[in-house]
Amino acid sequence: MADLSMEIAGLKLKNPVMVASGTFGHGEEYSELIDLRKLGAIVTKSITVSPREGNPPPRIVETPAGMLNSIGLENDGLKKFIEEHLPFLAKFKTPVIANIAGETQKEFEELASTLSKERQVKALEVNISCPNVEHGGMQFGCSPVGTEEVVRAVRAATDMPLIVKLSPNVTDITEIAKKAKDSGADVISLINTVMGMAIDAETRRPRINRIVAGLSGPAIKPIALRMVWQVAQSIKLPVIGIGGIMNARDALEFFIAGASAVQIGTANFVDTQASIKTIEGINEYLDRKGIKDIKGLIGTLNK
Ligand code: RRO
């Protein structure tokens with residue numbers, strides 16, 4: 001078997017396959033369906049300082065080759081995460097990456113400094129790319145100034161590996177990635193969802209209550225792959241590839257494009273075993289190709 005272990009900015013992973021934020025809750029439900037110990041890391045649903053109910057329904061709809069969501073950051077808040085969800089996740093010894101979302105710079109600081117004190121949290125993923133909220137989210141991640149503001153604040157509040165998750169809803173992704181790096185990011189993860197919408201022609205009503213929502217799934221994979229490649233070419237930071245990865249073959253494309261790890265998101269809703277099958281499929285491919293270490297595949301696009 002090939003070596004799948006990976007170290008990204010000090011974050012040690014037994015394999016480079018994570019489950020993506022927002023598609024795995026805090027692992028409780030999935031723990032009955034898959035062996036969480038086999039995962040490279042678990043990225044939590046975004047955590048906010050206060051609990052949030054999220055947006056009114058309907059807030060999820062299936063689309064050709066994907067889905068739209070407008071959850072609106074529903075979560076139990078920071079306190080409950082630390083008191084209830086984190087102790088549960090800690091039992092599995094799989095690294096926990098806490099995804100954090102603030103409406104303001106101050107909230108990001110509070111989330112980062114509080115979670116940094118938790119031994120079980122091994123890294124932070126800074127969500128500056130949620131498309132479904134009035135304040136914060138994508139507003140930060142779609143401007144170099146907003147990106148700098150948040151990343152600097154979080155960097156000052158933590159020594160943990162800092163992953164910054166970018167939005168694809170920008171003209172030049174490399175400009176935002178560079179700004180995140182210069183502001184203190186250790187790792188860039190991309191992409192969050194692509195803004196989209198769906199209409200029911202019979203009723204002429206939007207299929208999602210908030211009308212505009214975030215598109216994920218296979219439909220966005222070529223966009224994600226292109227952006228991962230561009231960012232990996234333009235800055236010297238590890239990149240985590242996210243966007244429509246359904247199986248090992250998709251994941252391998254991201255490694256070849258320059259990703260050091262991948263996250264499985266929407267695929268979890270289609271097949272609860274998708275992440276485990278992806279790990280197995282990567283192993284099979286490496287063995288078949290005679291590649292002894294996954295690191296030997298990263299950024300090896302034949303042009
Ligand atoms: O909760 C959401 O609506 C949501 C978030 Br925080 C995000 O980062 N990306 C997304 O598609 N939905």
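## Basis

Residues are numbered from 1 along each chain as its sequence is written. The model is predicted, so local features need pLDDT of at least 70 and side-chain atom pairs count only at pLDDT 80 or more, while totals for chains, interfaces and linings use all residues; side-chain values use heavy atoms, without hydrogens and water.

## Helices α1 and α2

Helix α1 (residues 78-90) packs against helix α2 (residues 105-116) at about 20°, and the axes are 11 Å apart. Helices are DSSP runs of H or I with at least four residues. Axes are lines fitted to C-alpha atoms over the stretch in contact, with angles from 0 to 180 degrees between N-to-C directions. α1 and α2 are therefore roughly parallel (angles under 35 degrees).

Leu78, Phe81 and Ile82 of α1 meet Glu110, Leu111, Thr114 and Leu115 of α2, contact being heavy atoms within 4.5 Å.

## Helices α5 and α6

The axes of α5 (residues 173-182) and α6 (residues 221-234) come within 9 Å and cross at roughly 50°. That makes α5 oblique to α6. On the α5 side, Ile173, Thr174, Ala177 and Lys178 meet Met227, Gln230, Val231 and Ser234 in α6.

## Nonpolar patch

Met195, Met197, Ile199, Ile211 and Val212 make a nonpolar surface patch of about 420 Å². Patch residues have over 30% relative accessible area and no salt bridge, and nonpolar side chains (Val, Leu, Ile, Met, Phe, Trp, Tyr) are joined within 5 Å. Accessible areas come from the Shrake-Rupley method with a 1.4 Å probe; a salt bridge is a side-chain nitrogen of Lys or Arg within 4 Å of a carboxyl oxygen of Asp or Glu. Ile199 lies in strand β12 (residues 199-200).

Conventions
Patches are made of residues with over 30% relative accessible area and no salt bridge: like charges are joined within 9 Å, nonpolar side chains (Val, Leu, Ile, Met, Phe, Trp, Tyr) within 5 Å. Helices (H or I, at least four residues) and strands (E, at least two) are DSSP runs, numbered from the N terminus. Angles under 35 degrees count as roughly parallel, over 145 as roughly antiparallel, 65 to 115 as roughly perpendicular and the rest as oblique.
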